[in-house]
Structure formats: C-alpha cells, structure tokens
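Welcome! Take a look at the structure below, then work through the exercises one step at a time.

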Amino acid sequence: ERKRKDICIQLFEKFIKKEAKEEAKKLYLSIKELKIMKNDGMYFGSHGLKHLWLNTLDKKRQLFEIKNSFDYLKQIDIVSNEDPLIMCYPYGGYNGVTLEIMRDLNVDYALTTKVGSASGYLDNTLYELRRWDTNDCWNNDFRKPIYPSKK
C-alpha cells in the first residue's frame, strides 16, 4: 500500500509537475464544502475508510473498513443518526461477507457498479442496487449529457 502511494506521488509530480498534496486540495471536497452540501439537502455515503476492494479483504478487515468509514462520517458531522446509511462499494468489489456486514451494521442501502435503475426488488437486494454512472449519461458524438439507455 505504501509503495503504491509513493509511486503515485512520484508519477503525479513528474508528469503534472506539481506537488500531489496541494493539487489534491483542489480536486477533493473539503469538510467545509461537504457541510455546505449537507445543509443544502445532500446525503452522503461511504466508500470505505481507504477505498479498498472489499472483496479482497477478510471479514475482520472489511468490518474495520466499513464500520470506521461510517464512524468517521458521523464524527465530522456529514452523516447523522437520522440519515440513511449508504454504501457504494469501491470499484464495485463486494462479496457474501460484505453483504453480511451490511446487514449486521444495519446499513440501509448499498450500490454496486452494475448499470441500471435502482428500483424494485426483482433482481437485486437493498445491498446490491444498480446505479447510473455519469459515464452512462454522456454522448460523445454530441458532447452533451443524455438520458441513459436501459440495460
């Protein structure tokens, strides 16, 4: 994990020619910006503590990643006890253990990377909801957003 981080920093600074930490501040939302969005009605969910492929982790590490990510969001006051607990699996990686943890932690919803509408209970559960990614809503030919086609 550390080697990967070091390589990314070196590549970023070599090709972007700027310090990675300073550029990250421009790319990612600050806690202040998150709170503004929450106050305007936005709900936030978790991608795990370190955005790892959950399906590659044992149960203990998955539980740590998921539980502590929600604890952190509550700690910085982005998720309250009244808000639904929402998970979006990093890289779409999850397995049966992940689903068990979702139930044990009383997570309300979890999104996969499977493309489609997250409605009904026909082919998914509340922990395996489909979603539309922004890439599914863009037309390169016309260079504009489109309504996604059903898959």
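**Exercise 1: a threonine in a strand**

The backbone nitrogen of K114 lies 3.0 Å from a polar atom of the T112 side chain, and a polar contact is a pair of N or O atoms within 3.5 Å, one able to donate a hydrogen and the other to accept it, where residues adjacent in sequence count only if both atoms are side-chain atoms. This is a predicted model, in which local features need pLDDT of at least 70, side-chain atom pairs count only at pLDDT 80 or more, and totals for chains, interfaces and linings use all residues. Residues are numbered from 1 along each chain as its sequence is written, and side-chain values use heavy atoms, leaving out hydrogens and water.

Task: Find where T112 sits, and decide whether T112 is buried or exposed.

Solution: 
- Step 1. T112 belongs to strand β2, residues 109-115 (strands are DSSP runs of E, at least two residues; helices are runs of H or I, at least four; both are numbered from the N terminus).
- Step 2. T112 counts as buried because its relative accessibility is 1% (buried means under 20% relative accessible area, exposed over 50%, partly exposed in between, with a 1.4 Å probe and protein chains only).

**Exercise 2: a threonine in a helix**

Task: Which residues does T98 contact, leaving aside neighbours within four places in sequence?

Solution: 
- Step 1. Locate T98 in helix α5, residues 96-104.
- Step 2. List the contacts (heavy atoms within 4.5 Å): L54, Q62, I66 and Y89.
- Step 3. Check the cover: T98 has a relative accessible area of 0%, so T98 is buried.
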